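Me: I've got a model open and I'd like to learn how to read it. Can we go through it together?

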Amino acid sequence: MTKIDTSSPESVLPTPSHTVGPFYGYALPFRGGEEIAPLGHPDTITVHGYILDGEGKPLPDAFVELWGADPDGNVPTTDGSIRRDPATGGYLGRNGVEFTGWGRIQTDANGHWYARTLRPGARGQSAPYLSVCVFARGLLVHLFTRIYLPGDEAALAADPLLGQVDEDRRGTLIAVDEGNGTYRFDIRLQGEDETVFLEFR
Amino acid sequence: MTLTQHDIDQEIAAEHAAYEKRVADGAPVEHQPRRDYAPYRSSVLRHPRQPPITIDVAKDPELVELSSPAFGERDITEIDNDLTRQHNGEPIGERITVSGRLLDRDGRPIRGQLIEIWQANSAGRYAHQREQHDAPLDPNFTGVGRTITDAEGRYHFTTVQPGPYPWRNHLNAWRPAHIHFSMFGTAFTQRLVTQMYFPSDPLFPYDPIIQSVTDDAARQRLVATYDHNLSVPEFSMGYHWDIVLDGPKATWIEEGR
């Protein structure tokens with residue numbers, strides 16, 4: 001039965017998740033999905049990496065969504081990530097000025113993705129991070145993780161989530177500084193050096 | 001050795017029996033599929049083996065995951081929710097209307113949020129270059145739509161009934177007809193991608209993807225209800241499908257909703 005009776009809380013139960021399957025590629029990705037930072041913004045960083053399976057093979061049919069605060073730690077409330085063109089029905093792309101904080105990026109044939117976004121500011125007790133949601137063929141429920149940026153060791157040491165993670169796995173949540181504002185973050189779905197994934201309660 | 005439907009049927013039955021036993025032994029009802037569901041072969045190397053780390057959102061209301069990306073009128077066009085009007089001609093197939101409400105776990109409507117859909121055409125073929133199924137493409141149907149929920153959390157799509165299609169999980173594997181749905185809530189933690197099915201599809205017992213939801217009642221929540229009130233005279237068949245997003249949200253967002 002899929003008419004939910006909202007008058008009785010016990011009948012309001014979650015809709016189960018399913019995989020995105022192999023054919024989302026003509027539907028979900030959009031022009032400029034990876035260019036989250038406003039053009040020419042001085043706090044722009046590049047994050048990139050591979051998504052790998054349990055045999056270390058890259059996934060050519062996965063995508064990530066990034067969601068993060070602006071450099072002052074404020075949550076963006078601006079829409080316009082997937083602006084449409086009413087004349088052609090195609091995508092206009094972002095307007096290059098506003099920061100929506102969100103992007104969707106599919107891996108290429110090598111299993112690699114990249115995004116340019118703004119360096120997130122700290123919020124609450126956490127060290128600065130970008131929230132990541134991973135989707136792929138074969139993945140029945142999406143996976144959440146976080147990209148922490150290296151540099152501020154004190155903030156990382158005080159971060160409540162990083163404090164919950166065993167030391168030998170903590171590194172999977174911290175990007176590698178490659179210089180020039182570029183950070184590498186690989187996502188390993190399974191096996192050796194498996195990325196730490198999160199659930200929210 | 002070729003993997004047959006019989007092999008997969010046995011694996012599905014074993015997973016189902018194992019779940020029933022867990023619940024009988026006192027384990028909680030599982031509303032979500034397990035990521036390590038071997039009858040769906042693509043999951044085997046793509047699920048984590050380590051348990052996830054739990055974040056108690058009540059301890060920090062500032063978590064960015066407790067907020068959601070915003071979408072607005074400029075992110076959709078007027079006809080994005082009508083998949084039958086995106087080309088010069090009419091798509092082939094049985095026209096359908098799919099409508100329902102986007103709700104949170106408290107039964108409150110999720111307003112002004114993005115729903116995206118994609119689907120195969122009436123012959124069971126996706127407009128995707130890597131799609132190998134030898135069924136005709138329809139030049140008047142792409143199969144992609146999006147909309148923003150209204151003040152009651154309601155959404156509305158007009159499209160054509162998708163066809164079932166074969167895939168290569170095992171020999172003679174067929175997917176029941178479905179529409180893919182992607183939803184945002186008031187918090188990023190509520191993000192959901194899933195598939196909506198049609199009532200009484202004879203393929204349900206054979207499909208390891210729908211069967212990955214091992215709880216019988218949870219699986220039913222993926223199946224739309226035929227709704228004659230949604231059928232449009234001389235035009236389309238109506239289906240009703242309400243969606244409930246899981247995942248915690250910021251408590252302050254509850255006020256006034």
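Predicted model: local features only at pLDDT ≥ 70, side-chain atom pairs only at ≥ 80, totals over all residues.

Me: How many residues of chain B are in contact with chain A?

Reply: In general, the size of an interface is often given as the accessible area lost when the parts come together. Here we can go by contacts, with C-beta atoms within 7 Å: 77 residues of chain B touch 70 residues of chain A.

Me: Which element gives the most to that side of chain B?

Reply: That's β9(B), with four residues. Elements giving two or more residues include β1 (53-55), β3 (114-119), β8 (178-183) and α3 (216-220) of chain B. By class, this side of chain B has 34 nonpolar, 23 polar and 20 charged residues.

Me: What about helix α1 of chain B, how far does it reach?

Reply: Compare its span with the expected one. Helix α1 (residues 5-24) of chain B has 20 residues and covers 28 Å from first C-alpha to last, close to the 28 Å expected at 1.5 Å a residue. After α1(B) comes B:Gly26, with a positive phi near 105°.

Me: And which residues of chain B does the domain annotation cover?

Reply: An unreviewed UniProt entry puts "domain: Intradiol ring-cleavage dioxygenases" on residues 98-126 of chain B. That span is 0% helix and 41% strand, and its end C-alpha atoms are 19 Å apart.

Key
Residues numbered from 1 in each chain as written. Chains lettered and ligands numbered in written order. UniProt positions renumbered as here; feature names shortened; annotations may be inferred. Contact = placed C-beta atoms within 7 Å. Nonpolar A, V, L, I, M, F, W, Y, C, P; charged D, E, K, R; others polar. Expected span 1.5 Å × (residues − 1).
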